[in-house]
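Reader: I am new to this structure. Please show me how to read its features.

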Amino acid sequence: MNKYLILTSLFAFALGIEAFGQKEDLKNRTPLISWPTEFEPGKSKFFVHNEIEISAPPEVVWNILIDALTWESWYEGAKNVSFVNPSDKVLQADSQFNWETMGLKFPNTTIKEFEPNRLLAWESKIKSIQGYHVWLIVPTAEGCKVITEEAQNGWLTFFEKTFQGKKLHNLHDVWLRELKMRAEMVD
């Protein structure tokens, strides 16, 4: 009986908690991104928001970002990136790519929005988790601000929120810092 009460209590607690920082991320989300209905951040199971100021023009940042085949050389969260169409060399409006991140394989990740130097979004779908990742580049007087937001659904988000609530947020911070470093070296 005690084991049942403990497990039930832990499960109820886990269902009731929000991912560490998710409330803050939802509060900070940008109104400049239009979301597909199924990934609306307030209704999704998991959401992260990250941003950084970069002292480089949007074009420089964009060119680094769409060069997906180099991600794994400078971003620890990307592994085994390849294009479904082997003739693709960088991300394009109709690209699909395969990759691994956070220990999961995401085949056929599909570009959904592609506005050069401004907006890039892709959708990743596997049975356990579905995600929509957006990159928004906003020009500033000193260069640009890069905002990245991701909304997720699927049963695996429960475990992600409960046991790794800050992992995706932290990885996106790393991705942005590395992007900043690369862009500011080029410019």
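Author: Start with the rings: Trp71, Tyr75, Phe97, Trp99, Trp122, Trp135 and Trp175 are linked into a cluster by ring pairs. The model is predicted, so local features need pLDDT of at least 70 and side-chain atom pairs pLDDT 80 or more, while totals for chains, interfaces and linings use all residues. Residues are numbered from 1 along each chain as its sequence is written, and side-chain values use heavy atoms, with hydrogens and water left out.

Reader: When do rings pair, and how many aromatic pairs are there?

Author: Rings of Phe, Tyr and Trp (its six-membered ring) pair if their centres lie within 6.5 Å; planes under 30 degrees apart are stacked, over 60 edge-to-face, the rest tilted. By this rule there are 15 aromatic pairs. Take Trp35 and Phe47: 6.1 Å centre to centre, 75 degrees between the planes, edge-to-face. Trp35 sits in the loop between helix 2 (22-28) and strand 1 (46-54), and Phe47 in strand 1, 12 residues apart. Helices (H or I, at least four residues) and strands (E, at least two) are DSSP runs, numbered from the N terminus.

Reader: Are Trp35 and Phe47 buried or exposed?

Author: Buried means under 20% relative accessible area, exposed over 50%, partly exposed in between (1.4 Å probe, protein chains only). Both Trp35 and Phe47 are buried.

Reader: Why is the pair of Trp122 and Trp175 called tilted?

Author: Their ring centres are 6.2 Å apart and the planes meet at 40 degrees, so the pair is tilted. Trp122 is in strand 5 (residues 119-125) and Trp175 in helix 6, so the pair ties together parts 53 residues apart in sequence. Trp122 is buried, at 2% relative accessible area. Trp175 is buried too, at 1%.

Reader: What is a nonpolar core, and which residues have the most contacts inside the largest one?

Author: In soluble globular proteins, nonpolar side chains tend to be buried together. A nonpolar core is a set of buried Ala, Val, Leu, Ile, Met, Phe, Trp, Tyr and Cys residues joined through side-chain atoms within 4.5 Å. The largest here has 35 residues; Trp71, Leu91, Trp122 and Val146 have the most contacts inside it. Helix 6 (residues 167-186) gives the largest share of this core, 6 residues. A second, separate core has 11 residues, including Ile33, Ala121, Val134 and Ile147.

Reader: What does Val146 touch?

Author: Contact means heavy atoms within 4.5 Å. Leaving out residues up to four places away in sequence, Val146 touches Asn50, Glu51, Ile52, Ile54, Val61, Trp135, Leu136, Ile137, Leu176 and Leu179.
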